[in-house]
Amino acid sequence: MADLQVNQGRQAEYDIDENYLNRWSPRSFLEKEVPEEDLMSVLEAARWAPSAMNAQPWRFIIARTQEDREKFHSFIKEGNRIWCEKAPVLVAILSDNKVGYHAFDTGSSWGYLSLQATQKGLITHPMAGFYQDQAREALNIPDDFDIQLVVAIGYQGEKEALPAELQDREQPSNRRPLKESIFEGEYK
Ligand SMILES: Cc1cc2nc3c(=O)[nH]c(=O)nc-3n(C[C@H](O)[C@H](O)[C@H](O)COP(=O)(O)O)c2cc1C
């Protein structure tokens, strides 16, 4: 195993690009703007995700002005709001529920987005912890779109900048062994 990537305390069991290990979900954000080109690069990566019938069911609502970010803060649950208020960009990820596999495919686009963000030196933190109905109303989202996730995007800050109760959790998590997720030939 000596040649395999070890990043931030994470060790791959097989050879993978280091980007997969470098991506994690910190909560400490610097109050520093993300350049337009880098934000668009992250969304461009999401654009190239595969989807059933190439339907591209994903949509992204971006909040980066103070006014737009405050609108997002109004529907994000307290446990997330306490740390994500500093994030310079919040993105609501929607999926077109008229399209088959919309959730699966929009999940792929989030995966692409997050890995491209890592590539650009940015951090991402996905959140399901927000009030769906309030978000739908605040963002004027029609019924044929599901709100899958809100993602905070920005630059990583110091762990010490977080409230004390969040500091212990500010580290990359591990994964169960690969063999526990794989079955050969049939479910066992
Ligand atoms: C669909 C989804 C919803 C999540 N919701 C939240 C959330 O509301 N708050 C939070 O702090 N983290 C949330 N997370 C982050 C996960 O807890 C995190 O991705 C997971 O623990 C793996 O850690 P890592 O991303 O640092 O590798 C969410 C992640 C996903 C994919």
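**Close-up views of a predicted model**

**View 1. Make-up of the shell around the ligand.** Six nonpolar, five polar and four charged residues form the shell around the ligand in this predicted model. Of these 15 residues, the nearest to the ligand are Arg10, Arg23, Ser25, Arg27 and Arg175.

View 2. The side chain of His125 places an N or O atom 2.9 Å from a nitrogen atom of the ligand. Ala128 takes part through its backbone, where an N or O atom is 2.9 Å from a ligand nitrogen atom. Gly129 also uses a backbone N or O atom, which lies 3.0 Å from an oxygen atom of the ligand. On its own the ligand has 620 Å² of accessible area, and the protein covers 63% of it.

View 3. Helix H4 (78-84) and strand S5 (123-127) are the elements that give two or more residues to the shell around the ligand. Strand S5 supplies three residues, the largest share.

**View 4. Packing of helices H2 and H5.** A pair of packed helices is described by the distance and the angle between the two axes. For helix H2 (residues 36-47) and helix H5 (residues 102-119), the axes come within 7 Å and cross at roughly 145°. The crossing of H2 and H5 is right-handed. On the H2 side the contact is made by Ser41, Val42, Leu43, Ala45 and Ala46, and on the H5 side by Ser109, Tyr112, Leu113, Gln116 and Ala117. Seven residues of this contact are nonpolar, three are polar and none is charged.

Notes:
Residues are numbered from 1 along each chain as its sequence is written. This is a predicted model: local features need pLDDT of at least 70, side-chain atom pairs count only at pLDDT 80 or more; totals for chains, interfaces and linings use all residues. Side-chain values use heavy atoms; hydrogens and water are left out. Axes are lines fitted to C-alpha atoms, for helices over the stretch in contact, and angles run from 0 to 180 degrees between N-to-C directions. Helices (H or I, at least four residues) and strands (E, at least two) are DSSP runs, numbered from the N terminus. A crossing is left-handed if the near helix is turned anticlockwise from the far one by less than a right angle, and right-handed if clockwise. Contact means heavy atoms within 4.5 Å. Ala, Val, Leu, Ile, Met, Phe, Trp, Tyr, Cys and Pro count as nonpolar, Asp, Glu, Lys and Arg as charged, and the others, Gly among them, as polar. A residue is near a molecule or strand if one of its heavy atoms lies within 4 Å of it. A polar contact is a pair of N or O atoms within 3.5 Å; within protein, one must be able to donate a hydrogen and the other to accept it, and residues adjacent in sequence count only if both atoms are side-chain atoms. Accessible areas come from the Shrake-Rupley method with a 1.4 Å probe; for residues, only the protein chains shown count as cover.
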